Amino acid sequence: MTHAVRYEPSVERVVPDEAETVRGLEEQFKIILDTTSKDYGHAVRSVHAKGHGIARGTFIIHDGLPPALAQGIFATPGEHEAIFRLSTNAGDILDDAIDLPRGLALKILGVDGPRLTGSDGDTTQDFVMVNGPAFAAPTPKAFLANLKMLAKTTDKAEGGKKLLSSLLRAAETVVEAVGGESSMLTTLGGAKPVHPLGATYYSQTPFRYGDHIAKFALVPVSPVLKDLEDATINAHGRPDAIRENVRQALIEQGGTWEFRVQLCTDLETMPIEDATVIWDEDASPFVTVATLDVSPQISWQDGVSQKTEDQLAFSPWHGVAAHQPLGGVNRARRESYQFSAGYRAKFNGCPMHEPRALEEVVG
């Protein structure tokens, strides 16, 4: 096992004006939420507003993990109910022809352990992931700058967004042809239109992993999902193409994913406070610690799935203290995500609570 850096509170470095930046993030989230709520007559998420599918499954923590990996909720092997939501990262509900990064938010139920502040009394652990290894901003200030740009384009002409997306996708294709990738181009609309079920999802930011520090990945491994690894979705003339394709695939086969952990082995080359740095997999490879099994099911049903979305909130800060989110971007997400969820709950008149069993989740 690769030598892992031990977690200490000193690995984080809070900048003096971070609280001011968080207030700025909340202001931008409110701008997005006010705009979209007025348009739809209903409050949706300020980021990752459009859902493409919700699936229930079983999260199986493996037995016999070495001590460095048997940490936090992964210290106790066993099965847990789980639910995940697939999404696109914009704060408004867009035509799927606009190519943006995909998201997967996973909620694991029935976990034990001391809780993070604000998550007291709950028994869930969330992992919020995107289909790219690097966050689009290194720091909270850069995160705020990006969000301001997104807030300005929320509710702008969708036709213009489609045109911009095609231009950005062309530019990103050139970058990818020489072995690169631009988080900024993909975030603005130049992402490859991958099939969400064939994508690998990353936490992007670091987390405490019990005695250590880690990043996480969720990797499709069953044959039906592996077959979709290089698949793209043609959404021309199909505004909800992703939702339709995901629904068809999960009805037919379901799927299996591996949950993998990458331990931090060097704080210089695997920094905590810069979320744009991809940790070297040669120095510390991702290692499987759990499996997510999803049986064949209907992942989206109009009139039902929207209600399910309304009652669920996902945040890196829903969880146990042993998996505390680390770094400035994660610290900035705590209050801003809580603000967004609270706004939705109040506007929609639908209080949120963390489920203790999947039977509590409508739909």
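This is a predicted model: local features need pLDDT of at least 70, side-chain atom pairs count only at pLDDT 80 or more; totals for chains, interfaces and linings use all residues.
Two packed helices are described by the angle between their axes and the distance between the axes. Helix α1, residues 18-40, packs against helix α8, residues 328-348, at about 35°, and the two axes lie 9 Å apart. The crossing of this pair is right-handed. On the α1 side the contact uses E18, V22, L25, E26, F29, K30, L33, D34 and S37. These meet a set of α8 residues that includes R331, E335, F339, Y343 and F347. Sorted by class, the contact of α1 with α8 holds 9 nonpolar, 4 polar and 6 charged residues.

Helix α1 also meets helix α2, residues 140-153, with axes that come within 9 Å and cross at roughly 15°. Angles under 35 degrees count as roughly parallel, so α1 is roughly parallel to α2. The crossing of α1 and α2 is left-handed. Among the α1 residues in this contact are T21, G24, Q28, I31 and I32, and α2 contributes P140, K141, F143, L144, L147, K148 and A151. The contact of α1 with α2 divides into 9 nonpolar, 3 polar and 3 charged residues. E18, L25 and F29 of α1 take part in the contact with α8 and also in the contact with α2.

The largest nonpolar core has 46 residues, of which F59, F74, L106 and F259 touch the most other members. Helix α6, residues 241-252, gives the most to this core, with 5 residues. L106 touches F59 and F259, along with residues including I83, F84, F127, L292 and F314, leaving aside residues up to four places away in sequence.

Key. Residues are numbered from 1 along each chain as its sequence is written. Side-chain values use heavy atoms; hydrogens and water are left out. Axes are lines fitted to C-alpha atoms, for helices over the stretch in contact, and angles run from 0 to 180 degrees between N-to-C directions. Helices (H or I, at least four residues) and strands (E, at least two) are DSSP runs, numbered from the N terminus. A crossing is left-handed if the near helix is turned anticlockwise from the far one by less than a right angle, and right-handed if clockwise. Contact means heavy atoms within 4.5 Å. Ala, Val, Leu, Ile, Met, Phe, Trp, Tyr, Cys and Pro count as nonpolar, Asp, Glu, Lys and Arg as charged, and the others, Gly among them, as polar. A nonpolar core is a set of buried Ala, Val, Leu, Ile, Met, Phe, Trp, Tyr and Cys residues joined through side-chain atoms within 4.5 Å. Buried means under 20% relative accessible area, exposed over 50%, partly exposed in between (1.4 Å probe, protein chains only). Angles under 35 degrees count as roughly parallel, over 145 as roughly antiparallel, 65 to 115 as roughly perpendicular and the rest as oblique.
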